[in-house]
Amino acid sequence: MSMEWKSAAALAEGVNKKELSAADAVSAALQRIGAFDEKTNAFTDVLAARAHEKAATIDKRIARSEHLPLAGVPFAVKNLFDVKGIPTRAGSKINRERKPALHDSVLIERLEEKGAVLVGAANMGEYAYDFTGENVHDGAARNPHNPEYMTGGSSSGSGGAVAAGYVPLALGSDTNGSIRVPASFCGLFGLKPTYGRLSRARSFPFVASLDHLGPLARSAMDLALSYDAMQGPDHEDPICAQREVEPVTTELVKGVKGLRIARLEGYFAKMGVPEAYDAVDKVAKALDAHESAELEDAAVARASAYLITASEGAALHLDRLRERAQDFDPDVRDRLIAGAMIPAAWTVQAQKVRRHFQEQARRLFERFDILLAPATPTRAPKIGQKTFRLDGQEMLVRPNIGIYTQPISFIGLPVVAVPVWPDDGLPIGVQVIAPPWREDIALRVAHQLERDGVCASRPAKLPGAT
Amino acid sequence: MQSRKPNLPSIPDDPAALAAFIDAGAAMSGLAVDPAYREGVKIHLNAVTNAAKLVLAQKLPDDAEPGPVFEP
């Protein structure tokens, strides 16, 4: 297999065995980015000098007989992660005037400590308030499987970079679905861990109540490897849980035997196109899951997430809205201004709903270990598409891509998005949802689905690539 | 959760109230809403109020705890 489609696990194994060097792996990634990213627009910053330097230090560590689980694995981060030496633009025009970051974000430090090498910062929707991957300042990220279509957002370039074969691993953020949506549209595995599991320190925030960080990859094993490298408490993020590392990589082989798995009905079986439900059917059948379950207040949960997002997002950006409204992406600006007007009583009630809905899910998890739901209501829309038809209604694309992801992240449940390919066209994802702090179960299910050939990423045929 | 009794106060379904709300909200937040932004803001605030109607209709006990927990 050529280098671009090797998994992180395979690359690291090769580097650890000295069959290839970290320098080789990083050079191949940089070469491919240079050759093709003009067409996919996944990266906003390519950090070649830094990456070569880091690769050389990894090769020295390997020469000293160190074993590194991510040795020489090139990776990208959404450009809201602090990267030492460049401004953290967070998809905006305004933030790129900031001073260069003095330090890397904590998750970059942890991945590089385990041997991975950062090669660049990835495109994203402005200030992460986006599900499309469009960006008025940097241009839309384009889906490597068909550049006329959206990558999904807001971790758009992170999804594009992995799907294009530039890197096997990228980090994104997920407030309402921004890892799971690009995973669905780009045919990838995406992990949104439990709220509070991974440190958010030194990343640009959006909605403190709902922000999560996590990886996108082309296999469940690569999610697990990177997730294990990033776990652990961090005093710099007050939300980061004081939990020791709970390794999952060695758990994946346990399979799914004995797990009680149900598909979510009700809210999660409305408003989607048939492919969304067919994908869940396919996954449920492969897992021999015949039961169904319902989170009856999912619509209220989604509405509550909507209010909290608009309100906290507006509070974060209020000064910038006062001083530089004209420099925002218009779609983001108008939503944030509206959010600034939300009465406090509304968001307090929304936070109470959050606790209530959490209890509802907890009761459901007494009966089941895993819940299945579509990741997105459709496959990727075309770039620029404003509306789509859902259940016979013409709906706005931008706010409705996340209808199935929002209620789940609202209560911080860990989810692995897994890719299903209905035909030779674009993919669509399924959410594998686990109880809080049980990322291991969701990853085991994803790994089993991959082993059984039900879910897989597919190499994208980039225009001009041989 | 159950919906509140229908006679309890809710959010008025009134375009004039929404317009007045934008004016007052902008003034109190120190935001100058450029006329070119106003239609977009109105569409989004309408979406927000629709979400709020659903959220505020939920009957929760007085001692219901909100989501975030502050640990000193």
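The legends below describe close-up views of a predicted model.

In this predicted model, local features need pLDDT of at least 70 and side-chain atom pairs count only at pLDDT 80 or more, while totals for chains, interfaces and linings use all residues; side-chain values use heavy atoms, with hydrogens and water left out. Residues are numbered from 1 along each chain as its sequence is written, and chains are lettered from A and ligands numbered from 1 in the order in which they are written.

**View 1. The open sheet of chain A has eleven strands.** The strand order is E1-E3-E2-E4-E6-E5-E12-E13-E9-E7-E8, with mixed pairing. Strands, like helices, are DSSP runs numbered from the N terminus (strands: E, at least two residues; helices: H or I, at least four), and two strands pair if DSSP finds at least two bridges between them. Strand E1 (43–46) and strand E8 (291–293) of chain A are the edge strands, each pairing on one side only. From one strand to the next, the twist averages 30°. Axes are lines fitted to C-alpha atoms, for helices over the stretch in contact, and angles run from 0 to 180 degrees between N-to-C directions.

**View 2. Strand E5 of chain A is covered on both faces.** A:Phe189 and A:Leu191 are buried on one side, and A:Gly190 and A:Lys192 are buried on the other. Buried means under 20% relative accessible area, exposed over 50%, and partly exposed in between (1.4 Å probe, protein chains only). E5(A) pairs with E6(A) in the antiparallel sense over two bridges, and A:Gly190 stands opposite A:Leu216 of E6(A). E5(A) is also joined to E12(A) by three bridges, again antiparallel; here A:Lys192 has A:Val415 as its bridge partner.

**View 3. Strands E7 and E9 of chain A run parallel.** Strand E7 (residues 261–264) is joined to strand E9 (residues 370–374) by three bridges. Within this pair, A:Ala262 stands opposite A:Leu371 in E9(A).

**View 4. Helices H4 and H7 of chain A lie across strands of the sheet.** Helix H4 (residues 106–113) lies across strand E2 (74–78), strand E3 (117–122), strand E4 (169–174) and strand E6 (212–217), and runs at about 175° to E2(A). Helix H7 (residues 220–230) lies across E4, strand E5 (189–192), E6 and strand E12 (415–420), and runs at about 145° to E6(A). Contact means heavy atoms within 4.5 Å.

**View 5. A:Asp130 and A:Arg398 form a salt bridge.** The closest N and O atoms of this pair are 3.4 Å apart. A:Asp130 lies in the loop between E3 and helix H5 (156–163) and A:Arg398 in helix H12 (residues 397–400) of chain A, so the pair ties together parts that are 268 residues apart in sequence. Both partners are buried, A:Asp130 with a relative accessible area of 6% and A:Arg398 with one of 13%. A salt bridge is a side-chain nitrogen of Lys or Arg within 4 Å of a carboxyl oxygen of Asp or Glu; the structure holds 40 salt bridges over all chains.

**View 6. A:Asp369 forms a salt bridge with A:Arg260.** The closest N and O atoms are 3.1 Å apart. Since A:Asp369 lies in the loop between helix H11 (344–364) and E9 of chain A, and A:Arg260 in the loop between H7 and E7, the pair ties together parts that are 109 residues apart in sequence. A:Asp369 is buried, at a relative accessible area of 15%, whereas A:Arg260 is partly exposed, at 36%.

**View 7. The side chains of A:Asp327 and A:Arg324 meet in a salt bridge.** The N to O distance is 2.9 Å. A:Asp327 is buried, with 9% relative accessible area, while A:Arg324 counts as partly exposed at 21%. Elsewhere, A:Asp45, A:Arg89, A:Arg96 and A:Asp138 are joined into one network by salt bridges that share partners.

**View 8. A:Cys455 is in no disulfide.** The nearest cysteine sulfur, that of A:Cys186, is 16 Å away, and a disulfide is a pair of cysteine sulfur atoms within 2.5 Å. A:Cys455 counts as buried at 0% relative accessibility; A:Cys240 is also buried, with a relative accessible area of 3%. Over all chains, a search of the whole structure finds zero disulfides.

**View 9. Chain B has two helices and two strands.** Along the sequence, chain B follows the pattern β-α-α-β. Of its 72 residues, 31% count as buried.
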